[in-house]
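Have the picture open while you read.

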Protein chains: 2
Amino acid sequence: MERIVEFILELDKLKGVTRKNRPLGLDRYENSAEHSWQLAMLATSLLAYAAEPIDIDRVVAMLLVHDIGEIDTGDTSVYIEEGLADRKAAELAAVNRIFGKLPPAQAERLLGLWLEFEQGETAEARFAHAADRAMPVLLNLANQGQSWRECGISHARVVERVGPPIQAGCPALWDYLVPRLEHARQQGWFGA
Amino acid sequence: MERIVEFILELDKLKGVTRKNRPLGLDRYENSAEHSWQLAMLATSLLAYAAEPIDIDRVVAMLLVHDIGEIDTGDTSVYIEEGLADRKAAELAAVNRIFGKLPPAQAERLLGLWLEFEQGETAEARFAHAADRAMPVLLNLANQGQSWRECGISHARVVERVGPPIQAGCPALWDYLVPRLEHARQQGWFGA
């Protein structure tokens with residue numbers, strides 16, 4: 001029990017890891033804990049549009065743990081590709097440290113979920129990635145491109161980076177996004 | 001798809017609903033979105049200690065939706081019992097409004113989870129309640145009783161309000177908490 005409590009208090013730190021998006025109407029940046037919650041709800045809501053038959057409970061479990069490594073590494077924009085291998089190694093070390101606080105059976109289960117997300121090779125992982133890539137796009141479309149403008153991200157860069165994973169996991173969502181991204185471009189909601 | 005997007009953007013408001021606890025080491029109050037994420041992780045971690053055999057995926061799904069009504073009503077301390085029936089009616093109206101943005105099948109599923117939590121009559125709901133009541137206690141024990149002191153909550157009040165549900169859903173967790181709550185009392189970490 002002490003190990004579990006130590007683990008859950010360690011997780012509290014994810015509430016202090018900030019991302020590039022701002023919650024709608026709030027004057028602060030989103031943190032990775034509330035983001036993980038919203039992703040789980042997005043995936044649940046999108047279930048009928050998954051590209052392949054999936055176990056939604058495993059998708060939710062994956063999304064709840066996928067950002068926990070950021071407790072040690074911080075959040076990195078999907079648009080920064082330099083140093084990716086080093087960052088991934090650091091995140092793996094982080095989740096080994098953090099999940100390692102738990103009794104072995106629980107630690108292995110959570111690490112398995114984290115690795116499944118990272119490897120992206122199952123239908124569940126592909127669907128989880130689609131949700132993860134789509135959520136900041138949905139916020140930006142509702143927020144006049146807030147993080148795209150602040151970070152200097154172009155329309156082409158967004159389409160190139162988030163299009164393939166969203167299309168692979170949830171094609172109907174990508175069909176929904178394409179004209180809205182074009183509209184956002186016309187409105188000048190992108191940077192660069 | 002538009003209904004789902006409208007729903008998920010509505011959920012963004014839960015990031016702005018503040019609670020009485022502060023995340024450890026942060027100079028702000030916790031919000032109900034990040035709290036929901038942490039509860040799901042607490043329940044997952046405590047699975048081996050559930051009082052009865054449970055479907056942990058349904059517990060997680062319940063915990064992810066259980067606070068969504070607060071988007072309209074705000075968070076209310078578990079220690080305020082006045083007006084409980086009115087608040088519960090307002091929360092039900094809120095989740096009907098918010099889940100009603102979704103296509104009917106998904107709306108019914110989420111409403112079913114929300115009602116199961118509220119009614120507290122299944123093993124899964126009892127375990128979910130144990131996690132929900134225990135999490136602020138764990139934060140307070142790590143935070144010198146921050147919200148107990150700020151809100152003037154006594155040791156007896158905490159034991160009376162959170163003891164029975166934690167014991168019903170996760171007795172080993174209550175056994176763990178009893179001596180720590182007594183220690184906190186000796187330290188003067190309670191109000192009133």
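## Charged pairs and a helix with two sides

In this predicted model, A:E160 and A:R157 form a salt bridge, with their closest N and O atoms 2.6 Å apart. These two sit three residues apart in helix α9 (residues 155-169) of chain A, so about one helical turn separates them.

A:R180 is partly exposed, at 28% relative accessibility, while B:E2 is exposed at 54%. There's also a network here: salt bridges with shared partners join A:D12, A:K15, B:R19, B:E30 and B:D75.

Over all chains, the structure holds 38 salt bridges. One of them links A:E10 and A:R97, whose closest N and O atoms are 2.7 Å apart. Because A:E10 lies in helix α1 (residues 2-11) of chain A and A:R97 in helix α5 (residues 84-99) of chain A, the pair ties together parts that are 87 residues apart in sequence. A:E10 counts as buried at 8% relative accessibility, whereas A:R97 is partly exposed at 35%.

| Salt bridge | Closest N to O distance |
|---|---|
| A:E160 and A:R157 | 2.6 Å |
| A:E10 and A:R97 | 2.7 Å |

Now hop over to chain B and find its helix α5 (residues 84-99). Those 16 residues reach 22 Å from the first C-alpha to the last, close to the 22 Å expected at 1.5 Å a residue. Which residues of α5(B) are buried? They are B:E91, B:A94, B:V95, B:I98 and B:F99. Look down the axis of α5(B) and these buried residues fall within an arc of 110 degrees, so they line one face of the helix. On the other side of α5(B), B:A85 and B:D86 are exposed. The cover over the buried residues of α5(B) includes α1 (2-11), α3 (56-65), α4 (70-73) and α6 (104-119) of chain B.

Last, a record to set beside the picture. An unreviewed UniProt entry lists residues 28-146 of chain A as "domain: HD/PDEase". Over that stretch the chain is 68% helix and 0% strand, and the end C-alpha atoms are 12 Å apart.

Terms used:
Residues are numbered from 1 along each chain as its sequence is written. Chains are lettered from A and ligands numbered from 1 in the order in which they are written. This is a predicted model: local features need pLDDT of at least 70, side-chain atom pairs count only at pLDDT 80 or more; totals for chains, interfaces and linings use all residues. Side-chain values use heavy atoms; hydrogens and water are left out. UniProt positions are given in the numbering used here, feature names are shortened, and annotations may be inferred rather than shown by experiment. Helices (H or I, at least four residues) and strands (E, at least two) are DSSP runs, numbered from the N terminus. The expected span of a helix is 1.5 Å times one less than its number of residues. Buried means under 20% relative accessible area, exposed over 50%, partly exposed in between (1.4 Å probe, protein chains only). The arc is that of the directions from the helix axis to the C-beta atoms. Contact means heavy atoms within 4.5 Å. A salt bridge is a side-chain nitrogen of Lys or Arg within 4 Å of a carboxyl oxygen of Asp or Glu.
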